[in-house]
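Please read it alongside the coordinates.

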Amino acid sequence: MIEKIADYLKQKKLLNRLKLRDDFTVTFLAQGEYNQNFLISDGQRKYVFRLNYGSQLQLTNQISYEYQALEWLEKSQRTPKVYYVDDQRQDFSQGLLIMAFLEGEPLDYRKDLLTAADIFSDIHQLAIDTTAEKYFVTEKENILAARIEECQFLLQPVFKSSVITERAKHLLAAALEENKKNVHQQDFFNQQNVWSVNNTEVNSHNFIIGEKGYLIDWEKPVISHPVQDISQFLASTTTLWRSNLRLTLTEKQEFLTRYLMRTSFDPAAFFKALQIYHPYLMLRALSWSAMAYDNYLTGDKALKNQEIFEKVSQYLEPEFLTKALREDVLKDE
C-alpha cells in the first residue's frame, strides 16, 4: 500500500501541488473502524493520506462528504485543512483525501478539558449558512427520532446474534422501547432553535492538542443541537474508550462552565437539553458497540482493531451495560 500511495502521488502530479520534495516518504499512521491513514512527509511538510472503507451515515459518497465538511469548517481554525479528494475509486478501491497533518498529542482529560471547551465553542458558534444546509445531513426536527432510527438499524444484527447474550439483548431492547416512549421530547429542541455542526465522534484521540487544539476525524458530522457533541464528550463510554477514565462531576462542571461562557448558550436550557438527549446518546453508543462486537466475531470486516474489540466486549458486560444505560451525565458516577 505504501508504494502504491507514493506512485499515486507522482502519477497525479501532486508533489508540486503539495510542494513536496521528490524524497518524500509514506508511512502508516493510524487505523480506525472505517478509515486508514498514512503520513506523507518530506521532512518539512506533512500531510495525511486518508482511505475510506465505509460510511456510518450510509452515504454513497462518504469521502466527498468528509471533504466538503472540512472545507466548510476551515474558518473555525480548529479542523485540518483539506487539499485534495478523489472519489472515483479507479486507482484505489476506496475514496481518498489528503489533508494537513497536525502536530500534537491526543487530548488528556485531566489537563486539556478547558482547551476542549474552547475547541467546541469555536466550532459550534459557526453560523449555519445555505452552504452548510446543502452539504450536511440535518437532524433539526428529529434529533431524538434520528437516534432511535440509528439504534434500530444497529441493533438488527444484534437481536439475531448468536454471540451476544440474551441479557444484553434484553437490556438494549428495553432501553430502546423506553426511549421510543419519550421521543416527543424533541419538541424542546425545536423550540430552542439552536443548531450547530456537530462532529459526533468526540473521543480523546480525535483531538490534537499542541500549540493549538484541533478536532479531527470529520467522517460523520451533522447539523444538530450542540448538545449532541457535548453529551458524547462527557459520556462514560467516550472517556473510557481510549483513556480508561471517568470524569468527576467537578471536571464536568468546569468544562461546561467554560463552554457555556464562550458560546453564550442559555445554561438552564442547555442543561435540560443534556438531560433529555443523554439517554439517546448512551443507547446509540452501546448499540454500536454491540453491533461491532457481533461483526468482529461473525462478519467479514475489511478493518479490524483489537483494542476496539476489547473495549466493546467490556461495554457488553451486564453490570457495565446496566449502569451505562441509566447514566446521568450531570451527576457523579
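The lining of the largest pocket divides into 19 nonpolar, 15 polar and nine charged residues; here Ala, Val, Leu, Ile, Met, Phe, Trp, Tyr, Cys and Pro count as nonpolar, Asp, Glu, Lys and Arg as charged, and the others, Gly among them, as polar. This is a predicted model, in which local features need pLDDT of at least 70 and side-chain atom pairs count only at pLDDT 80 or more, while totals for chains, interfaces and linings use all residues. Residues are numbered from 1 along each chain as its sequence is written, and side-chain values use heavy atoms, with hydrogens and water left out.

**Largest pocket**

- The pocket holds about 1,100 Å³ of space, a volume being the space filled by probe spheres set on grid points joined across faces, edges and corners.
- On a 1 Å grid over the protein atoms alone, a pocket is an open set of points with protein on both sides within 12 Å along at least five of seven lines, whereas a cavity is a set where a 1.4 Å probe fits but cannot get out; lining residues have an atom within 4 Å of a point.
- Of the 43 lining residues, N203, H205, N206, D217 and R242 lie nearest the centre of the pocket.
- Helix 12 gives the largest share of this lining, five residues; helices (H or I, at least four residues) and strands (E, at least two) are DSSP runs, numbered from the N terminus.
- Elements supplying at least two residues each include strand 1 (25–31), strand 2 (35–41), helix 10 (236–242) and helix 13 (306–315).

**Largest cavity**

- One cavity of 30 Å³ or more is counted, and the largest cavity contains about 100 Å³ of space.
- Its lining comprises four nonpolar, three polar and five charged residues; among them are E139, R147, E150, K220 and R284.
- Helix 12 again provides the largest share, here three residues.

**Packing of helix 7 and helix 12**

- Helix 7 (residues 166–181) packs against helix 12 (residues 267–298) at an angle of about 145 degrees, with the axes 10 Å apart; axes are lines fitted to C-alpha atoms over the stretch in contact, and angles run from 0 to 180 degrees between N-to-C directions.
- L172, A175, L176 and N179 of helix 7 meet P279, Y280, L283, L286, S287 and A290 of helix 12, contact meaning heavy atoms within 4.5 Å.
- This contact has eight nonpolar, two polar and no charged residues.

**Aromatic pairs**

- The count is 24 aromatic pairs, for which rings of Phe, Tyr and Trp (its six-membered ring) must have centres within 6.5 Å; planes under 30 degrees apart count as stacked, over 60 as edge-to-face and the rest as tilted.
- Y8 and F49 form an edge-to-face pair, 6.1 Å centre to centre with 80 degrees between the planes.
- Y8 lies in helix 1 (residues 2–11) and F49 in strand 3, 41 residues apart, so the pair links distant parts of the chain.
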